[in-house]
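These are my notebook entries on one protein chain. I set down what I looked up, entry by entry.

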Amino acid sequence: MSDVGSDDFDDERSKVGEYEGDRNEAGERHGIGKAVLPNGDVYQGQYEHGTRHGQGTYRFKNGARYVGDYHKNMKHGQGTFYYPDGSKYEGSWVEDLRQGHGVYTYPNGDTYDGEWQHHIRHGQGVYYYQQTGSQYRGSWLNGKMEAAGEYIHSNARYKGNFVNNNPCGPGKYVFDIGCEQHGEYQQAEQERAEGEWGELASTTVLKWIPKCVTGLMLWTPGKDTSGGEKEAAVAEN
């Protein structure tokens, strides 16, 4: 059933755009249909009692596109969102927000594979850096690396705790050659040149303070193992 050419729905078209598709006995959009919204967006998919509900594709006039599940007009369930800048999110949605497990691919090729909450990275996840091949595995809090985690590089990995996206406190570097260096990351103030009004400006930098080198050891997040007894050598994956 199409609204086009129907005088009965002229007023509706002026408010909610044009619709072509199934309706129920009450005249509501119900079943499969296509809607062109007044702002130029286009939705094609399932409807239930007048709302987008079920599988559908929503095309935004700015070039963005969502393909996936809807529940009462909201993205809800599994779906993929293609953003205008070339990035993409594929995963779980709850009431129009990225929530649950999902994979986000950024315009520069970086990817995040892990948990989301209220549209941001939150929980356990892996961030892969396309340019270097390195990755971070661990905890995220409100979009930032936080608590226990590890940086994995081509020939070594760092294990420790993170605060506000940076390693902080005791940790260790595990090298592929079969040894590890224990130490601690501390924040240090670095003085810079005077500002425009003569004030001294400073910035916080991270400083790695090595303590000892050992064979491969078991590691507990948040625990300084530099002074502990050596465990039997354990291959780190």
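**Entry 1: pairing around β13.** I began with the term I needed: two strands pair if DSSP finds at least two bridges between them. The model I examined is a predicted one. I looked up strand β13 (residues 156-163) and strand β14 (residues 166-175), and I found that they pair in the antiparallel sense over seven bridges. In this pairing, Lys159 stands opposite Lys172 in β14. I then turned to the connection, where β13 and β14 form a hairpin with two residues between them. Asn164, in that turn, has a positive phi of about 55°.

I next checked for pairing between β13 and strand β12 (residues 144-152). These two are antiparallel as well, with six bridges. I noted Ala148, whose bridge partner in β13 is Asn161. The hairpin from β12 to β13 runs through three residues.

I also asked how many residues of β13 are buried. The count is seven of the eight, so I recorded the strand as largely enclosed by the rest of the structure.

**Entry 2: salt bridges.** I looked up the charged pairs next. Side chains of opposite charge can pair when their charged atoms come close.

- I found Glu150 and Arg157 joined by their side chains at 3.3 Å, N to O. Glu150 has a relative accessibility of 16%, and because buried means under 20%, I counted it as buried. Arg157 is also buried, at 16%.
- I found a salt bridge between the side chains of Glu180 and Lys172, at 3.2 Å from N to O. Lys172 has a relative accessible area of 0% and is buried. Glu180 is buried too, with 0% relative accessibility.
- I found Glu184 in a salt bridge with Lys211, the closest N and O atoms being 3.6 Å apart. Glu184 lies in strand β15 (residues 179-194) and Lys211 in strand β16 (residues 200-215), so this pair ties together parts that are 27 residues apart in sequence. I recorded Lys211 as partly exposed, at 44% relative accessibility.

Entry 3: I moved to an earlier part of the chain. Strand β2 (residues 29-36) pairs with strand β3 (residues 42-48) in the antiparallel sense, over six bridges. Ile32 stands opposite Gln46 in β3. The hairpin of β2 and β3 has five residues between the strands, and I noted Gly40 there, with a positive phi near 100°.

I then followed β3 to strand β4 (residues 51-59). Their pairing is antiparallel, over six bridges, and Gln44 stands opposite Thr57 in β4. This hairpin has two residues between the strands, and His49 takes a positive phi near 50°.

**Entry 4: Thr80.** Is Thr80 buried or exposed? I found that Thr80 is buried, with a relative accessible area of 11%. Its place is in strand β6 (residues 74-82). In a regular strand the side chains alternate between the two faces of the sheet. I listed the contacts of Thr80, leaving aside neighbours within four places in sequence; among them are Arg65, Tyr66, Val67 and Trp93.

**Entry 5: the chain as a whole.** I counted the elements and found one helix and 16 strands. Buried residues make up 35% of the 237 residues. The chain exposes about 13,800 Å², of which carbon and sulfur atoms supply 48%. I also looked at contacts with a separation of 6 or more: residues 24 or more positions apart account for 12% of these.

**Entry 6: confidence.** I closed with the predictor's confidence. The mean pLDDT of the protein chain is 85, and 78% of its residues reach 70 or more. Over residues 1-14 the pLDDT is below 50, and I noted 21 contacts for this stretch in the model beyond near neighbours in sequence. The pLDDT also stays under 50 over residues 224-237, for which the model has 26 contacts beyond four places in sequence. Where pLDDT is low, the predicted coordinates should not be read in detail.

Note on methods: Residues numbered from 1 in each chain as written. Predicted model: local features only at pLDDT ≥ 70, side-chain atom pairs only at ≥ 80, totals over all residues. Heavy atoms only, no water. Helix = DSSP H or I, 4+ residues; strand = E, 2+ residues; numbered from the N terminus. Buried < 20%, exposed > 50% of the residue type's maximum accessible area, 1.4 Å probe, protein only. Contact = heavy atoms within 4.5 Å. Areas by Shrake-Rupley, 256 points an atom, 1.4 Å probe, with all protein chains shown as cover. Salt bridge = Lys/Arg side-chain N within 4 Å of Asp/Glu carboxyl O. pLDDT = per-residue confidence, 0-100.
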